[in-house]
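Biologist: Could you walk me through this structure slowly, as I am still learning how to read one?
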Amino acid sequence: MSERRLPEPKIRDEFRRELRAHLMREAAITLTGKRRETAWTAWLRPALAAGLAALVLVIGAGSAAAGSVPGDVTFGLKRAIEEVRVALTFDEVERVRVLAEITDQRLSELERVAARDDKAPTASEEYALAVTRFRAAVDALQQAAPEDKSELAQDVADLAREKHEIIVEQLKDRLSENAKQSVDRATEEEQRDTPQNVKDKDKQEKKDKGEGQGTPAVPGSENASPRPNERTNAPRTLPPARRP
């Protein structure tokens, strides 16, 4: 039996003309760099351009904000970036360290504008607010966290206090009276006892008083009869010897 052969496929002239015209249009678009806009691309291109411009603006503003001080226009952006950093720090002790670094930054900014009456009061107030927030975080951690984390937070607080006291002492002669009030308030806050300090003082006082040492008293022991060797300190008398 002979095999039946199918007719060879032929491209229609109409399809060939449409394909050639389409390829020519695409070639023209490729060579000229122009492409037909659709409703989607017409909306997407300005949106991408606006997003890119916003990104460049944020990066540039972030660089300018990094060197800003309280009272500058870009200082608000600097604060916003710091808040994001705090929010993304989930470990309690590490968050305390971040707040300590922010407090250091506020004090550094105050150093830069200490002699300026137009900026020093604002900078000193920002420093006082940073200290208050930092110490509140230390207190909250020490009241809720285990003993090891509480001690780590106390170490951070002690180090920050010692460092800040040295810098503030050097700044006092350069600050105005309005600026000094906020700085004094911040200093009082840092010198305040933390819960961990209170615990340590209580333990030391009990140790000094001797509480918790020695044999505990037994109820009713005062009226109990003494043991044979505790009845009296007088020497024991021997019975008279019998005569033979």
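Predicted model: local features only at pLDDT ≥ 70, side-chain atom pairs only at ≥ 80, totals over all residues.

Biologist: What share of the residues counts as buried?
Modeller: Of the 244 residues in the chain, 24% count as buried. The chain exposes about 18800 Å², with carbon and sulfur atoms supplying 56% of that area.

Biologist: And what share of the contacts with a separation of 6 or more comes from residues 24 or more positions apart?
Modeller: For contacts in the chain with a separation of 6 or more, residues 24 or more positions apart account for 69%.

Biologist: Let's move to helix pairs; how does one describe such a pair?
Modeller: Two packed helices are described by the angle between their axes together with the distance between the axes.

Biologist: Then at what angle do α5 and α6 cross?
Modeller: Helix α5, residues 120-144, and helix α6, residues 147-171, cross at roughly 160°, and their axes come within 9 Å. Angles over 145 degrees count as roughly antiparallel, so α5 is roughly antiparallel to α6. The crossing of these two helices, α5 and α6, is left-handed.

Biologist: Which residues make that contact between α5 and α6?
Modeller: From α5 the contact uses Tyr 127, Phe 134, Val 138, Leu 141 and Gln 142, while from α6 the residues include Ser 150, Ala 153, Gln 154 and Val 168. Sorted by class, the residues of the contact of α5 with α6 are 9 nonpolar, 4 polar and 1 charged.

Biologist: What does Gln 142 touch, leaving out residues up to four places away in sequence?
Modeller: With those left out, Gln 142 touches Ser 150, Ala 153, Gln 154, Thr 194, Pro 195, Gln 196 and Lys 199. As for Gln 196, it is 54 residues from Gln 142 in sequence, yet the two are 6.5 Å apart in space, C-alpha to C-alpha.

Biologist: Switching topic, where does Val 183 lie?
Modeller: Val 183 lies in helix α7, which covers residues 177-191, and at 2% relative accessibility Val 183 counts as buried. Not counting residues up to four places away in sequence, Val 183 touches Leu 110, Ser 124, Val 168 and Leu 175. Between Val 183 and Ala 128 there are 6.2 Å from C-alpha to C-alpha, although they are 55 residues apart in sequence.

Biologist: Back to helix pairs, which way do α3 and α4 run, and what is the handedness of their crossing?
Modeller: The axes of α3, residues 75-87, and α4, residues 92-112, come within 10 Å and cross at roughly 160°, and α3 and α4 are therefore roughly antiparallel to each other. α3 passes α4 in a right-handed crossing. By class, the contact of α3 with α4 has 5 nonpolar, 1 polar and 8 charged residues.

Biologist: And Leu 77, what is its relative accessible area?
Modeller: Leu 77 lies in helix α3 and is partly exposed, with a relative accessible area of 30%. The C-alpha atoms of Leu 77 and Ala 66 are separated by 8.9 Å, with the two residues 11 apart along the chain.

Technical notes:
Residues numbered from 1 in each chain as written. Heavy atoms only, no water. Axes fitted to C-alpha atoms, helices over the stretch in contact; angles between N-to-C directions. Helix = DSSP H or I, 4+ residues; strand = E, 2+ residues; numbered from the N terminus. Parallel < 35°, antiparallel > 145°, perpendicular 65-115°, else oblique. Left-handed = near helix turned anticlockwise from the far one by under 90°. Contact = heavy atoms within 4.5 Å. Nonpolar A, V, L, I, M, F, W, Y, C, P; charged D, E, K, R; others polar. Buried < 20%, exposed > 50% of the residue type's maximum accessible area, 1.4 Å probe, protein only. Areas by Shrake-Rupley, 256 points an atom, 1.4 Å probe, with all protein chains shown as cover.
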